[in-house]
Amino acid sequence: MNLGELRPAKGSRRAPKRKGRGIGSGLGKTAGRGHKGQHSRNTVRPGFEGGQTPLHKRLPQQRGFKNARFKKEFAIVNLERLAQVFEAGAEVTPEILLERRIVRDLKDGIKILGEGEMPHPLTVRAHSFSKSAEEKLRAAGGTAEVI
């Protein structure tokens, strides 16, 4: 068998309907579109719902800008979790968090949130901090360094 001899399986391909080719074809003259009206003239605009209020007008108007394409997604860690895992004076980096399985995936960086109490000082290096997390870290005598 050669490439030139390849053919689709019998019955798997069907000839297209030849519209507008005379009365005998069964789809002559109006080509299956009926008489007059917007459907026969091919003028139904996208989103037209036959006079019913279209979907884009029924939904509330959304204002503003969503940076979905370039949005940064952070892996989130709470202070409470850091206090449980690390002893006083320890240095916390994204690599250590990955190693200890506190975070499974770094995504676009680590963000430290201020949930829970911070009983002892830690040196935390992360990509982002919430205000409350920074305040609690500093109050405990630790440092918050943005990478």
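## An open sheet of three strands

Three strands form an open sheet in the order S2-S4-S6, with parallel pairing. Strand S2 (91–92) and strand S6 (143–146) stand at the edges, each with a single partner strand, so one side of each has no neighbour in the sheet. Strands pair here if DSSP finds at least two bridges between them. Helices (H or I, at least four residues) and strands (E, at least two) are DSSP runs, numbered from the N terminus.

The model is predicted: local features need pLDDT of at least 70, side-chain atom pairs count only at pLDDT 80 or more, and totals for chains, interfaces and linings use all residues. Residues are numbered from 1 along each chain as its sequence is written, and side-chain values use heavy atoms, leaving out hydrogens and water.

Four bridges link strand S4 (residues 123–126) to S6 in the parallel sense. Thr123 has Thr143 as its bridge partner in S6.

## Strand S3 and its partners

Strands of a sheet pair through backbone hydrogen bonds, either parallel or antiparallel. Strand S1 (residues 75–78) runs parallel to S3, joined by four bridges; Ala75 has Ile110 as its partner in S3. S3 also pairs with strand S5 (residues 128–129) in the parallel sense, over two bridges, and Ile112 is bridged to Phe129 of S5.

Strand S3 (residues 110–113) has a covered face, Ile110 and Ile112, and an uncovered one, Lys111 and Leu113.

## Leu3 before helix H1

Leu3 lies in the segment before helix H1 (37–40). Leu3 is exposed, with a relative accessible area of 75%; exposed means over 50%, buried under 20% and partly exposed in between (1.4 Å probe, protein chains only).
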